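Let us take a guided walk through a protein model, with the cut-offs stated as we go.

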Amino acid sequence: MLGPYALIPEESLWALIPLAVYILVSFRPRVHALTIAMIACLFGYILTGQTPAMTGALVVKSLGSTLGLIGFIIMCGAGLGSVMSEARVSHTIVYWIVKYIGVTTEKRAILCVIVTTTLVCGLLGTLAGGCAIVAPILIPIVAAAGLKPATVACLFQSSGETGLIWGPFTGPTVALLAITHLSYGRMMLWAALPYGLIWLTVIYFCGLRIQHDPSYDERYELDTAEQTTLGITAQEKRVTLAFLIGFVGLLTFSMITHQKTAFTVFVMLVLALVICLFKPLDMSVMFRAFAKGMGSMAGTFLLFILLNMMLEYINYGHGFEALGKILVSFAGEGSRMMVVIMGTLVGSFGVNGGAVAQLQVTHDLFASAVKTASVPMEFWALALICGSRVTTSIYPGSNMIAPMGLARSESLKAMLFGGWSVSMTSIAFIVVWSWFAMPIFFPI
């Protein structure tokens, strides 16, 4: 609620000032995400006239909010990823994929990078972390097949982004399911699967284009140690197989019994214990690795708490409701297609920041319009996915620079070529699909 010193009335567009500050500052280079969120919260604190006691209560509320839970899940995911690395589960999965595909040609090498990066990033729930694991294993192999660093970098990003929207327990997936209340299977069928397949298909041909373009003249220079491929032990095979069986089993159970978001925390802990049991790994070592991984995401958790506080400040002044009325009148009441397209474009070009933050902010901006226009959540999920993924592919940022560095490439041109290609194709798909398919499959 508004505090005793509020500077804005109820249900006013002025309540959106913290969000406007958040968006504008986020586009400035070299400003940390926590700094951006804190500045936005300060604006919200002043505009809504809060007191220290009210702020303390809001912090407690935010810790138990959906964003707070998602932040904790992301921390647990990083913890599980650390345990997987400690037990070489990730290494074994990459080794199996490379061995099965057989990297003998450029096309197979491109396919190997796509499949491996998508799977590992989807399992670990992090793009940079997943690429960091697969890079030292894949680069010597695909370099022998003739792939250029620019090609590998381009494939790393788009494949990793796809893994983040396909992985059942990644932060973006958990957030999307919490926002739309769709089941994982339904979300995949109507939104994530078609969107991801478009991205992977486009980036495959982008990789081929870069390979045959002489302007991309980077080449890998490997030392003797890198040219020696390390194998896997029988124990690593056993623990990886146990992990995959447990992962599929828990995923199937959660889908059959319709488990809620909080079930993901249980999944993370059980899978870490499965690895500990089959490694065998000392439990103290396992929890030390788990805690280390969680600690790496502490800043992200705090960011989500601050983000929830900012959104609550906006809700105190009913800013989203005021904006929703304007958006509905602009799109035309009942124009579901326009709401989906506007949500896609605003999320893609108008909202910056982490993927989970973008999902939540974009949804809150259009929540009233989505409800009024009766937009099916299956199509709204597609718009939210596109809005949260395009931004990192068309603007140079951490999700673009990290894969480029890990692939040992300096070609920002290749990254932008791949990013803009997949982004514009996916936006065009959403426009056509919402116009054609929504009236057929979801008639009013």
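How many disulfides does the structure hold? The count is zero, where a disulfide is a pair of cysteine sulfur atoms within 2.5 Å. A disulfide is a covalent bond between the sulfur atoms of two cysteines. C206 is in no disulfide, and its nearest cysteine sulfur, that of C154, is 5.6 Å away. C206 is also buried, at 4% relative accessible area; here buried means under 20% relative accessible area, exposed means over 50%, and partly exposed is in between, using a 1.4 Å probe and protein chains only. For C386, the closest cysteine sulfur is the one in C206, and at 15 Å that is too far for a bond. C386 counts as buried too, with a relative accessibility of 0%.

A word on the ground rules. This is a predicted model, in which local features need pLDDT of at least 70 and side-chain atom pairs count only at pLDDT 80 or more, while totals for chains, interfaces and linings use all residues. Residues are numbered from 1 along each chain as its sequence is written, and side-chain values use heavy atoms, with hydrogens and water left out.

Now to the rings. Searching the whole structure gives 15 aromatic pairs. Rings of Phe, Tyr and Trp (its six-membered ring) pair if their centres lie within 6.5 Å; planes under 30 degrees apart count as stacked, over 60 as edge-to-face and the rest as tilted. Helices, by the way, are DSSP runs of H or I with at least four residues, strands are E runs of at least two, and both are numbered from the N terminus. Y313 is buried at 2% relative accessibility, and Y316 is buried at 14%.

A tilted pair is formed by W433 and F441, with 6.2 Å between centres and 35 degrees between planes. W433 is partly exposed, at 24% relative accessible area, and F441 is partly exposed at 45%. Both W433 and F441 belong to one aromatic cluster, together with W190, F379, F429 and F442. Elsewhere, a charge meets a ring: K413 lies over the face of Y216, at 5.3 Å from the ring centre. For that label, NZ of Lys or CZ of Arg must be within 6 Å of the ring centre and within 35 degrees of the ring normal.

Helix packing comes next. Two packed helices are described by the angle between their axes and the distance between the axes. Axes are lines fitted to C-alpha atoms, for helices over the stretch in contact, and angles run from 0 to 180 degrees between N-to-C directions. Helix α6 (residues 106-124) packs on helix α8 (residues 149-166) at about 40 degrees, with axes 7 Å apart. The two are therefore oblique to each other; angles under 35 degrees count as roughly parallel, over 145 as roughly antiparallel, 65 to 115 as roughly perpendicular and the rest as oblique. α6 passes α8 in a right-handed crossing, a term for the near helix being turned clockwise from the far one by less than a right angle, with anticlockwise giving left-handed.

Helix α13 (residues 283-295) takes part in a packing with helix α4 (residues 66-86), at an angle of about 130 degrees and with axes 7 Å apart. That makes α4 oblique to α13, and their crossing is right-handed. Helix α12 (residues 263-278) also meets α13: their axes come within 10 Å and cross at roughly 140 degrees. This makes α12 oblique to α13, and α12 passes α13 in a right-handed crossing.

Finally, look at the backbone in two loops. R88, which is not a glycine, has a positive phi of about 60 degrees. R88 lies in the loop between α4 and α5 (89-101) and is partly exposed, at 28% relative accessible area. H181, also a residue other than glycine, has a positive phi near 60 degrees. The loop between α9 (171-180) and α10 (184-211) is the place of H181, and H181 is exposed at 69% relative accessible area.
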